[in-house]
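Please read them with the coordinates open beside you.

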Amino acid sequence: MHVVYSLEEPPGSFSKSIFLAGPTPRSTEVKSWRPQALELLERKNYDGVVYVPENRPGSKEPVI
């Protein structure tokens, strides 16, 4: 599984992908649901690209 977060370049080629659309927390008090979704995809051995419209965890970039 190849995870692409906001502001990151996607891979040059791929055969399948998923975009994790849905509500994005705008406060640090609200946890994102996307890490759990990534865990579920990993457990199912998903081998495509996953686009996450959030900053990579630990990123110093401003929240998009």
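1. The surface comes first: in this predicted model, the protein chain exposes about 4900 Å², and carbon and sulfur atoms supply 55% of that area. Buried residues, for their part, make up 28% of the 64 residues in the chain.

2. As to charge, the protein chain carries 8 positive and 8 negative charges, and the mean position of the positive set lies 5 Å from the mean position of the negative set.

3. The secondary structure consists of one helix and three strands, which follow one another along the sequence in the pattern β-β-α-β. Taken along the principal axes, the box filled by the C-alpha atoms is roughly 35 × 25 × 20 Å.

4. Which residues form the largest nonpolar core? There are nine of them, namely V3, Y5, L20, A37, L38, L41, Y46, V50 and V52. The elements that each give two or more residues to this core are β1 (2-5), α1 (34-43) and β3 (49-52), and α1 provides the largest share, with three residues. As general background, nonpolar side chains in soluble globular proteins tend to be buried together.

5. Within that core, V52 deserves a look of its own. Leaving aside residues up to four places away in sequence, V52 touches V3, V4, Y5, S6, L20, R34 and L38; among these neighbours, V3, Y5, L20 and L38 are also listed as members of the core.

6. A search of the whole structure for aromatic pairs finds one. The ring centres of F14 and Y51 are 6.2 Å apart and the ring planes stand at 65°, so the pair is classed as edge-to-face, the cut-off for that class being over 60 degrees. The pair links distant parts of the chain, since F14 sits in the loop between β1 and β2 (17-19) whereas Y51 belongs to strand β3, 37 residues apart.

7. Are the two partners of this pair buried or exposed? F14 has a relative accessibility of 42% and therefore counts as partly exposed, the class that lies between the limits of 20% and 50%. Y51, with a relative accessible area of 19%, is buried, because the limit for that class is under 20%.

Technical notes:
Residues numbered from 1 in each chain as written. Predicted model: local features only at pLDDT ≥ 70, side-chain atom pairs only at ≥ 80, totals over all residues. Heavy atoms only, no water. Helix = DSSP H or I, 4+ residues; strand = E, 2+ residues; numbered from the N terminus. Buried < 20%, exposed > 50% of the residue type's maximum accessible area, 1.4 Å probe, protein only. Areas by Shrake-Rupley, 256 points an atom, 1.4 Å probe, with all protein chains shown as cover. Lys, Arg positive; Asp, Glu negative; His and termini not counted. Charge placed at Lys NZ, Arg CZ, Asp CG, Glu CD. Core = buried A, V, L, I, M, F, W, Y, C linked by side-chain atoms within 4.5 Å. Contact = heavy atoms within 4.5 Å. Phe/Tyr/Trp six-rings, centres within 6.5 Å; stacked < 30°, edge-to-face > 60°.
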